[in-house]
Number of protein chains: 2
Amino acid sequence: MLDLHEMPGHLIRRLHQISVSVFAGAMRRAGHDLTPVQFAALSALARNPGVDQATLAGLIAYDRVTIGGVVDRLEAKGLVERDVSARDRRARVLRPTRAGEALLAEADPVVRALQDEILSGLDPAERTELVRLLRKAAEAGNARSRAPLQDAGRRVGNG
Amino acid sequence: MLDLHEMPGHLIRRLHQISVSVFAGAMRRAGHDLTPVQFAALSALARNPGVDQATLAGLIAYDRVTIGGVVDRLEAKGLVERDVSARDRRARVLRPTRAGEALLAEADPVVRALQDEILSGLDPAERTELVRLLRKAAEAGNARSRAPLQDAGRRVGNG
DNA sequence: TACGAATGATAAGTATACTTGTCAATTATC
DNA sequence: GATAATTGACAAGTATACTTATCATTCGTA
């Protein structure tokens, strides 16, 4: 009989909660104010400046509506600029500000370092194996998510 | 250089999102209206009737305040009863109603079955290994979480 | 080029998941 | 037995993360 604490869904949720908590702690210690989603969005925008919100959502596998709120907060903090696209007046073109680039440069090494802390209970070989399995499972389950990862070129729509 | 899509934190979040989505889909197909948290709470209460909210939170590794809202909704749906404790008038004693027990009996096999769907991309050996690694990582990271799992007897406090 | 379909964004609503703060009740201590 | 510390619950606020619906704009097509 499978106990709740042996179910993949429950374990994934717990590890996610630990991950978010570790992220928040490391960021606070580093003196920055960025959530995991905000970091992911800023990081993706630095690599793909000028994309619109829907494309950004697809790049990091988030829901479009959620990204709207995330960008609101990044804009309020002066980390991201949002302009109406010249080509498509429905779209908001996004790019990091100077301050956004600067914060990202400082936060990036912190985020990389904290990844090991999330998996502090595993030895290096186990970490590698876990990441491999997570990638495989996430890739296979991508279509099952309400916010699938999307190739930069192709739009599939997730509403 | 570690890409965002290779970071454990990001992968865990994506798998969590897939997990929640699979859960919602399977529940909807089964004709039930239970979220993952609500199922976990109801399931824990069936095994531990009469506990208070803080103890319930510790049993399934959730934040106390979050559980308050979850129990609100379970109570509104008539699945859980909440009474003032005779021994400690600060505490609300929780137990599933008849309807709660009945719904749990129907939902339980659905939830067990959906666990494989979450990891549809992995073969059985990989699933076993992933669950082992998740358990190990979650156990080690428990103290790092804002809502640690707690033994039924001991209270450590998480505020 | 008119028109329906599709798309980008937002609005409103629900459900976690956390924060800090407050209050009441209980327990521990002197 | 008074007082301090703790505990259980709730309130208010923030941030995801989703739902459905609406609106404006654009695109595809006849």
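Q: Through which surface do the copies meet?
A: Two residues are in contact if their C-beta atoms, placed from the backbone, lie within 7 Å. In this structure, 100% of the interface residues of chain B are also interface residues in chain A, so the copies meet through the same surface. This is a predicted model, in which local features need pLDDT of at least 70 and side-chain atom pairs count only at pLDDT 80 or more, while totals for chains, interfaces and linings use all residues. Residues are numbered from 1 along each chain as its sequence is written, and chains are lettered from A and ligands numbered from 1 in the order in which they are written.

Q: Which elements does chain A have, and in what order do they run?
A: Helices (H or I, at least four residues) and strands (E, at least two) are DSSP runs, numbered from the N terminus. Chain A has six helices and two strands, and from the N terminus on they run α-α-α-α-β-β-α-α. Taken along the principal axes, the C-alpha atoms of chain A fill a box of roughly 55 × 35 × 25 Å.

Q: How many residues of chain B are in contact with chain A, and which elements give them?
A: In this model, 49 residues of chain B are in contact with 49 residues of chain A. Helix 1 (8–30), helix 2 (36–47), helix 5 (98–118) and helix 6 (124–141) of chain B each give two or more residues to the side that touches chain A. Helix 1 of chain B gives the most, with 15 residues. As to classes, Ala, Val, Leu, Ile, Met, Phe, Trp, Tyr, Cys and Pro count as nonpolar, Asp, Glu, Lys and Arg as charged, and the others, Gly among them, as polar. The side of chain B that touches chain A has 26 nonpolar, twelve polar and eleven charged residues.

Q: What are the buried residues of helix 6 of chain A, and what do they pack against?
A: A residue is buried if 20 or more other C-beta atoms lie within 10 Å of its own, exposed if 12 or fewer, and partly exposed in between, with C-beta atoms placed from the backbone. In helix 6 of chain A, the buried residues are A:L130, A:V131, A:L133, A:L134, A:A137, A:A138 and A:G141. These residues pack against helix 1, helix 5 and helix 6 of chain B.

Q: What should helix 5 of chain B span, and where does its kink lie?
A: The expected span of a helix is 1.5 Å times one less than its number of residues. The 21 residues of helix 5 of chain B should span 30 Å, and its end C-alpha atoms are 30 Å apart, which agrees. The bend at a residue is the angle between axes fitted to the seven residues ending there and the seven starting there. Helix 5 of chain B has a kink of about 30° at B:A107, shortly before the proline B:P109. B:A107 is also one of the buried residues of this helix.

Q: Which residues are the closest to DNA strand D?
A: A residue is near a molecule or strand if its C-beta atom, placed from the backbone, lies within 6 Å of it. DNA strand D is surrounded by 29 residues, the closest being A:T35, A:V37, A:D63, A:R89 and B:Q53. Helix 4 of chain A gives the most to this surface, with five residues. By class, the surface near DNA strand D has eight nonpolar, ten polar and eleven charged residues.

Q: How many residues surround DNA strand C, and which helix gives the largest share?
A: DNA strand C has 30 residues around it, and the closest are A:Q53, B:T35, B:V37, B:D63 and B:R89. Helix 4 of chain B supplies the largest share of that surface, five residues. The surface near DNA strand C divides into eight nonpolar, ten polar and twelve charged residues.

Q: Where is the place of A:S145, and which residues does A:S145 touch?
A: A:S145 is in the segment after helix 6 of chain A. With 22 other C-beta atoms within 10 Å, A:S145 is buried. Not counting residues up to four places away in sequence, A:S145 touches A:A61, B:Q17, B:I18 and B:S21.
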